[in-house]
Amino acid sequence: MHRGRLSTIGAGAGAWLAAIAIAFPLLWALLTSFKTELEAAAYPPSFVNFSWTLDNYRAALGGGEYFAALWNSLLIAGGSSALALLVAVPAAWAMAFAPTRRTRGLLLWMLSTKMLPPVGVLIPIYLFYRDWNLLDTVSGVAILLAAGNLPIAVWMLFSNFKEVPAEILEAARMDGALLLQELGLVLAPMALPGLASTFFLIFTLAWNESFWTLNLTSTDAAPLTAFIAAFSSPQGLFWAQLSAVSMLSVAPVLAIGWLCQRQLVRGLTFGAVK
Amino acid sequence: MRGRGRLLVSPAVALLLVSSILPLVATIWFSLIDYRLLVPGTGRFVGLANYVHLLTDPSFGPTLVNTLLLIGMVLVVSIVGGLGMALLLERVVLGRGVLRLLVISPFFVMPPVSALLWKNLLMQPVAGFFAWVSSLFGLRAFDWFARAPLASIGLIVSWQWLPFACLILLTSLQSFDREQREAAQLDGASAFVIFRQLVIPHLARPIAIVVMMETIFLLSLFAEIFVTTGGGRGSSNLAFLVYSQAMVRYDVGAASAAGIVAVVFANVLAFFLVRAVGRSLDA
Amino acid sequence: MRSVWMLLPALMLAGCSPHRTGQTILTVATVNNGDMVRLKELGKEFERTHPGIHLKWLVLEENVLRQRVTTDIAIRGGQYDVVTIGAYEIPVWAKQKWLASLDDLPPSYRKDDLLPPIRAAVTYQGVQFAAPLNGEGTVTMYRTDLFSKAGLTMPATPTWEFLTQAAAKLNDPSHGVYGLCLRGKAGWGENMATIMTMANSYGARFFDEKWRPQFDTPEWRRTIATYVTALRQSGPPGAVANGFNENLAMFAQGKCAIWFDSTVALPFLSDPKTSKVAASTGFAPAPDEGLGRAANWLWTWGLAIPASSKKAAAAKIFIEWAAGPGYAKLVASRDGWLAVPPGTRKSLYDNPDYRRAAPFAAITLRAISAANPNDPAVKHVPYVGVQYVAIPEFQGIGTEVGQQFAAAVAGQVSAEDALAEAQAATKRQMAAAGYYK
């Protein structure tokens, strides 16, 4: 028993050390965001003994663009993820519970649509968006991001649904439930963690997507990725500012992740849901 | 049943068809013409000239190799590291929520920003954090991007994807049947044997999923390369090649040709990948 | 939870900004350097005095901005009414007929007040296409304290030999001081700007009259030999990752003894809030080998109007306000004379208040006046541009060549091989672009 407890404590300490090592770059950026620019570039680096300042956050938040960008980010990431889920749930259901010979091929084809580097299709898409007045609109970007994340959503939901025992669904069907009832009343509660974690994953991917959001927006629909690009590499020292702005961009997603932790972790289970 | 299934799948298929086939066709068309944005009077049909120019470029071969090396590096480091982290996390009971948040935090940072932070705050040989740490041991700072550009980029990208791998493997580990493991322990099997014979096969599916997902994203990786080395010798990959044709030379024809080559390459890679891990993907 | 998700698409569609009736809305795309950020803040002042015009701003980092704006203008996306472009873009885009002429700006704009090299940089075939906002040249910055400690005196006009020898003497890695900091990061606007400027001073040129690259000439060999040796011997580790910003940070931290780069660094280095060595920073003119051209360069950021814009009239009103002589007074009254964008107008440098507030005014003026984009090299050249070549292919060629030279500094390849590869790669690109068969 002693050996068991010691190894648990050892594992615990190891886990904490490793976790801090992994999060270290972010923690370092957090620390840097409270320094002056001159201090941020100093060597040897300072850890606690410097004049802490909120100037960087003040500069980032003053002017109100942060909030407009935050709102756009929420709309784009939330909207595209919702759209992707709306389309992915039926598709994943069909693939998990009504598979055909083509199902595997279809899944792989969906993944293959992500193989063309976005930068290669910029001009055709830009031309198309120009002609349809979709440039610099939230909906324009959201549709494209939804299509981009759709294969991921389908894959994850497919894997999640496969863990749901088909017998329960069949039992519901035999009891006379319609498809909609089957989806909404039986499947959804069991797969809710899976839905939540899929939503969170594609939400995060859309939140940080920096190619389409930068190229298809200019002023009205500019999300946080564009806001950060305004603080990146100007002439002069900018590390403290960039760190502050990055923290402001990471914070919302981190907050959502913290609040929905239990749901999300349950949803990533590809093993048994007893 | 089958008809209903097809109906349910159709919205997804339709959306993907429109968003991928149309641009693909347009890209193929552009790859066959000479279309340079900055030069007046271009737009003629030139057949396969763009492809020839691309494939005969002496840097093309190394670019392909770099693409594979980078993907391989990131897969290995993120999965092995993620598995290690997951094994540690599994045993922890206290403060698990905070630990999980710490571990997943790299995934939340915008990729170009992570690359900038790593390059300038950590890896910079004159004033970076790693330079300070090596000075504590009396060593000279390692010049990351001059001596090992591809590995440095690989390190940064592995750091970004490790949380993803770790979380998926962790939840799979946590769902591993306690009874089976305890039964094996009672039978006298060592931890190592249990790990190899029982745990690894159980993890085959999540590992396969992580491999497929990461590969898809890593094929289009270019922002980190752009921000750190600007695609110099030994650190350019196929996606960056497409980017430099499109956004530096503004040669849409060449960029489209490179994009099509990238698609072909990705499909070949996926074929082999599916052969290797495909069986684990089905239940 | 689900209902929230359903709301989002509706909110998205409603996310269009309300259209202000009667107002002209100008979308301005600009770089994120200090002058432009200030311009954006002072834009509220412009809106106050011109209530019929509302400004929307897009501020981005230089490379991203260039890609964004080029893509939009090239396929007539119509997203921008006023764009900020640099000296490189102006001739290339004007040739493409992408820009509207600014010759009809009102007399209050005072075109004749522009410094001649700056005016030349924004003019193409006699027509002005951009209104310059700021200008820059090159300067040699050095640590007066380190120089006097080593018994060195900076000559009135240094040569490269002097600088490299002084750098070797002052190089002291064990104390964290490196002799010479130069741009080493690969890029047509990064290390190639420095290298081409050095090459000009050694009598070299990028292309001859027939557009053949000249990397196989003795002048280029001398240039690269000096550049690579100096950086390898007396440069900081990781020099190939250092562009302007990184070198600025290092000099401000006291890690560079000598730094050759743009005059825009001077305000940062003279301010104790942004430089630890503000009190001991000296500056000297760019090196001159006496061959006919000194190592000067010329760059300017200017406001331009896309040719397809339907709001050209309102845009010109804004441009006249932002780039006219009155803007300097506005900035000075708000933030002091040091904050005024430097390098565009004679009137600024004639102003005694400015000269008093900015100790580097004289050397900046001298640096800019010494450069001529229309005649940058000792020998005759077919191109325009001092530290760049104003042809569309140069972004790609310059970056590729820059990567070769960065590899040479990193020790991955010898200087001779780098030159040979640069020659071959450039020839290949130029042939493919149709300059010759």
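**Exercise 1. Pairing of strand β11(C)**

Determine how many bridges join strand β6 of chain C to β11(C), and which residue of β11(C) is the bridge partner of C:G135.

*Solution.* The model is a predicted one.
Step 1. Strand β6 of chain C covers residues 131-136, and five bridges join this strand to β11(C). The two strands run antiparallel.
Step 2. Within β11(C), C:T300 is the bridge partner of C:G135.
Step 3. Strand β3 of chain C, residues 82-86, is also joined to β11(C), here by four bridges, and this pair runs antiparallel. In this pairing, C:G302 of β11(C) stands opposite C:I85.

**Exercise 2. The interface of chain B and chain C**

Describe the contact between chain B and chain C by its residues, its buried area and its salt bridges.

*Solution.* Step 1. Chain B gives 28 residues to the contact, and chain C gives 38 residues.
Step 1. About 2800 Å² is buried between the two chains, and carbon and sulfur atoms give 52% of this area. On the side of chain B, the three residues B:L38, B:V126 and B:R233 supply 25% of the area that this chain buries against chain C, more than any other three residues.
Step 2. Three salt bridges are found across the interface. In a salt bridge between C:R428 and B:D57, the side chains meet at 3.2 Å, N to O.
Step 3. The count of residue pairs in polar contact between the two chains is 13. On the side of chain B that touches chain C, the elements giving two or more residues are α5 (111-122) and α12 (238-247). By class, this side has 15 nonpolar, seven polar and six charged residues.

**Exercise 3. Chain B as a whole**

State how many helices and strands chain B has, and what percentage of its residues count as buried.

*Solution.* Step 1. Chain B has 13 helices and two strands.
Step 1. Of its 283 residues, 59% count as buried.
Step 2. Along the principal axes, the C-alpha atoms of chain B fill a box of roughly 80 × 70 × 30 Å.

Terms used: Residues are numbered from 1 along each chain as its sequence is written. Chains are lettered from A and ligands numbered from 1 in the order in which they are written. Side-chain values use heavy atoms; hydrogens and water are left out. Two strands pair if DSSP finds at least two bridges between them. Contact means heavy atoms within 4.5 Å. Buried area is the accessible area (1.4 Å probe) that two parts lose on being put together, summed over both. A salt bridge is a side-chain nitrogen of Lys or Arg within 4 Å of a carboxyl oxygen of Asp or Glu. A polar contact is a pair of N or O atoms within 3.5 Å; within protein, one must be able to donate a hydrogen and the other to accept it, and residues adjacent in sequence count only if both atoms are side-chain atoms. Ala, Val, Leu, Ile, Met, Phe, Trp, Tyr, Cys and Pro count as nonpolar, Asp, Glu, Lys and Arg as charged, and the others, Gly among them, as polar. Buried means under 20% relative accessible area, exposed over 50%, partly exposed in between (1.4 Å probe, protein chains only).
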